[in-house]
Amino acid sequence: MKAIIAEKPSVAYELARIVGATNKKDGYCEGGGFLVTWAFGHLVGLAMPEDYGIKGFSNESLPIIPNEFRLTGRKVKSGSGFIYDEGSKRQLAVVESVFKRCESIIVATDAGREGEVIFRFIYQYLGCSKPFERLWINSLTEKSIIQGFKNLKRGSDCNGLFLAGKERAQCDWLVGINATQALTVALGDGLFSLGRVQTPTLALICKRYLAHKSFPTKNYYQLELSLGKEGVNFKSLSVSRFEEKDKAESIRRTLERVGTAEVKQVEKKSDTIQAPLLFDLTGLQKEASKKLGYSAQRTLEIAQQLYEKKFITYPRTGSKYIPEDVWPEIPLVILALSSRASCKDCVENIKWERYNKHIVNDVKVADHHGILITENIPTRLSADEDALYDMIARRLLEAVSPACHREVTYVTLGILHYDFNCRAIKIVSAGWKVINGNFEQEEDVLVSDFPDLQIGMQLNIDSLQVLSKKTKPPGLYTEADLLHTMENIGASVENELERNMLRSMGIGTPATRAAVIETLFDRGYIRREGRSILPTDKGMLVYEIVADKKIADAALTAQWEIAFEKIENGDMDARIFHADVELMVGEITRELLNVKRKSENIAHLSCPKCGSGVILREKIIKCNDEECGWKLYRNVCGVQLQYREIEALLTQGRTPLIKKMMGRNKKPFNAYILLDGSGSTTFEFEEKRKEKFR
């Protein structure tokens, strides 16, 4: 009897069907010589400090560095502590009984570092010693699964994968637990969560926000020249910028009187834009954020659903390529896609004999290849699934299409001693851009034809006008921008030596970046404003404290990612790396324990009851005079009041409109918060109704 363990019930049922284990039991399936069971993700994880006998947060217990890490069944938060999750506890008992009955095990958790850790932690926690093999597949189609069962890997082949995953889990535990406890103890007010990846990510957001906020926006003016030749109208922008509008207007009038512009320089270049590669997970998340407005976590959830429904290949991949042996399957997949109405016209635009093979690269495929659709073409999906599936399908069609060929003309025109530049783009062969009509970047310069301009030629001026412009601050991060920076953190490192060393390196992995961003939202460190991501007051407080500390060093985090790869490939001893991390954790802990909170008194804000100063804390605003006793909780109907809202409330008696508060009926509402002379607060709804909330 062989056991098969999958990561989720849905996958387990599909595997059970294929191997003939059709007899469903409580927590497993049996039949055909197989027992098929499942985990619920991480059924077993690293034990928490209380499991080592360490209660609460205290200076004396830090740093917490176990001599040997313990494993424990999944726990959930209950009150101020944690208790065993009963559903997980029952399933773990089922897995244990299945392992006891079998002769060997086939590991069918997700084929990657995380999936390997999920199985090995269960295996070790249960004290199992049965031999095991590895099912390694890229999709859940029947064909792929059957092929995978025919080519099972030896369990030992994945030892490096497990060592790297285990080291990541343990080192993240060491940094996260100790840094969180140290900062929380030092500040003495609220819980301040820190982590190896989440804290450098928070630092990126805060740094960009401060640069945006402090940017000195300036007005400036440019001249726009409109001309025509051979029936083609085009515009050109002045090279010079003018600080004063009057000066720009004066120059405009002078140049207008000249009446003609001289062609000073003409340069034509052939330009080729190669078709994009396939999506990896981060690429898919960035595109879905830009085009569909999905969060990174939402994109991952939908992609996982499509994978489990057998419509796409494994989504948690960091590769944009496919191996040579997958290439012959591509025409069949694309042919099947012609049955999908939303893709039929696109499929007809590309020919097999002209397929672009640049996505084939055995060297650049590690655990999993780029995201592909499978031969199973969906007919009924939810709206969100439909949109993401089409995005993946169309990217495949773009990737195998020919390159886009363009002719780019650069023109410099002169009027007196002022120059004007123009760039015109003519599409010679659209290639892959036909798939999505993807020409938006060239809209302002795209032409079907362009006049034949010669140096020295005089062109009549149709019009000249002054354009009013502003210098633009660095844009606030959107989720797509943030994912891109996390993926290429090396480019943002200031030290040139480190930047070169970490070129093309990221923090986190494609599979974990979405969870890191969601953790920052959950911790109350960041918030959304439209599509922009901004730090909250709490997030800025943490950043101001840790900005120059090791815990916020993105370069250090990226170097860890390099180390994990080396451990996985057998090029680094995990024990040596772990010892170095323990030393670093001691240094991080000492740094954070010595942190001093800045004065909490907000000098220019006064208590509405007695006029004394107020103190701003994470959870409350309160009067500095203990006898007065006035206080206001910062969390109002699920929304944390930010400093600017508190300032408006105490100085003007009302906040700006606060959106998406949650009422007792669990429905969101928008309202102003008003403050009266007694210190009591009320809501003022947009329709001017008032309701007391404390």
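**Stop one: a glutamine in a helix**

Select Q304, which you'll find in helix α9; helices here are DSSP runs (H or I, at least four residues), strands are runs of E with at least two, and both are numbered from the N terminus. Before going on, know that this is a predicted model, where local features need pLDDT of at least 70, side-chain atom pairs count only at pLDDT 80 or more, and totals for chains, interfaces and linings use all residues. Residues are numbered from 1 along each chain as its sequence is written, and side-chain values use heavy atoms, with hydrogens and water left out.

Is Q304 buried or exposed? Q304 is buried, because its relative accessible area is 7% (buried means under 20%, exposed over 50%, partly exposed in between, using a 1.4 Å probe and protein chains only). Now show what touches Q304: leaving aside neighbours within four places in sequence, Q304 is in contact with K8, D110, P315 and R316 (contact means heavy atoms within 4.5 Å).

**Stop two: charged pairs**

Side chains of opposite charge can pair when their charged atoms come close. The count here is 38 salt bridges, each a side-chain nitrogen of Lys or Arg within 4 Å of a carboxyl oxygen of Asp or Glu.

Pick E142 and R17, whose closest N and O atoms are 3.0 Å apart in a salt bridge. This pair links distant parts of the chain, 125 residues apart: E142 sits in helix α4 (residues 142–150) and R17 in helix α1 (residues 9–19). E142 is partly exposed at 39% relative accessibility, and R17 is partly exposed too, at 43%.

Next, select E256 and R252, another salt bridge (3.0 Å, N to O). They are 4 residues apart in helix α7 (residues 245–258), so about one helical turn separates them. R252 counts as buried at 16% relative accessibility, while E256 is partly exposed at 38%.

R154 is exposed at 59%, and D157 is partly exposed at 43%.

**Last stop: zoom out**

Show the whole chain and you'll have 19 helices and 29 strands on screen. Buried residues make up 50% of its 694 residues. The C-alpha atoms fill a box of roughly 95 × 80 × 55 Å, taken along the principal axes.
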